[in-house]
Amino acid sequence: MSGAEDDQEKTLKEWSTQEVMQHPLCITSPEAENFEMKFGLIHLLPTFRGLENEDPHKFLKEFHVVCFLMKPHAITEDHIKLMVFPFSVQDAAKEWLYDLPSGSITTWNELAKLFLEKYFPEEKVSNLRR
């Protein structure tokens with residue numbers, strides 16, 4: 001029986017219970033022992049959707065303020081930022097984050113730089129200077 005015939009023979013239940021391959025996120029951060037993210041603090045995070053009228057610099061400032069408040073003992077602020085950033089982006093910005101290569105980001109500076117390159121490109125800077 002060929003692969004195409006196998007697919008035709010599957011039941012709806014078999015299709016619905018197929019294993020889904022999850023690709024790891026682009027962010028790789030060190031493991032934090034005894035660290036628990038407080039659910040209430042995640043709701044304090046600002047959101048960025050990737051819309052033309054959003055200010056990515058203002059978003060990063062607000063994001064920094066909330067992450068500074070979250071900082072538990074023995075975990076760096078950069079580590080917190082890497083872990084919670086996916087919760088603060090939505091819509092086009094989340095798609096952008098998910099499209100980055102798996103494991104390609106290991107520091108907050110890398111992520112912030114890529115974010116600003118995407119949402120505050122050089123052309124925008126040039127236009128503002130004029």
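Is Arg-49 buried, exposed or partly exposed? Arg-49 counts as partly exposed, at 32% relative accessibility. Buried means under 20% relative accessible area, exposed over 50%, and partly exposed in between (1.4 Å probe, protein chains only).

1. Basis. This is a predicted model: local features need pLDDT of at least 70, side-chain atom pairs count only at pLDDT 80 or more, and totals for chains, interfaces and linings use all residues. Residues are numbered from 1 along each chain as its sequence is written, and side-chain values use heavy atoms, with hydrogens and water left out.

2. Salt bridges. The structure holds four. The criterion is a side-chain nitrogen of Lys or Arg within 4 Å of a carboxyl oxygen of Asp or Glu. Three of them are taken up below.

3. Asp-91 with Arg-49. Their closest N and O atoms are 3.2 Å apart. The pair links distant parts of the chain, 42 residues apart. Asp-91 sits in helix α6 (residues 91-99), and Arg-49 in the loop between α3 (39-42) and α4 (56-70). Helices here are DSSP runs (H or I, at least four residues), numbered from the N terminus.

4. Glu-62 with Lys-58. This salt bridge spans 4.0 Å, N to O. Both residues lie in helix α4, four residues apart, about one turn of the helix. Glu-62 is partly exposed, with a relative accessible area of 35%.

5. Lys-81 with Glu-77. The closest N and O atoms are 3.3 Å apart. Both residues belong to helix α5; they are four residues apart, so about one helical turn separates them. Lys-81 is buried at 7% relative accessibility. Glu-77 is buried too, with a relative accessible area of 15%.

6. Packing of α5 on α7. Helix α5 (residues 77-88) and helix α7 (residues 108-119) pack at about 50°, with axes 9 Å apart. Axes are lines fitted to C-alpha atoms over the stretch in contact, and angles run from 0 to 180 degrees between N-to-C directions. The two helices are therefore oblique to each other. Angles under 35 degrees count as roughly parallel, over 145 as roughly antiparallel, 65 to 115 as roughly perpendicular, and the rest as oblique.

7. Residues at that contact. Asp-78, Lys-81, Leu-82 and Phe-85 in α5 meet Trp-108, Leu-111 and Phe-115 in α7. Contact means heavy atoms within 4.5 Å. By class, there are five nonpolar, no polar and two charged residues.

8. Cysteines. The structure holds zero disulfides, taking a disulfide as a pair of cysteine sulfur atoms within 2.5 Å. Cys-26 is buried, with a relative accessible area of 1%. Cys-67 is buried at 0%.

Conventions
Nonpolar A, V, L, I, M, F, W, Y, C, P; charged D, E, K, R; others polar.
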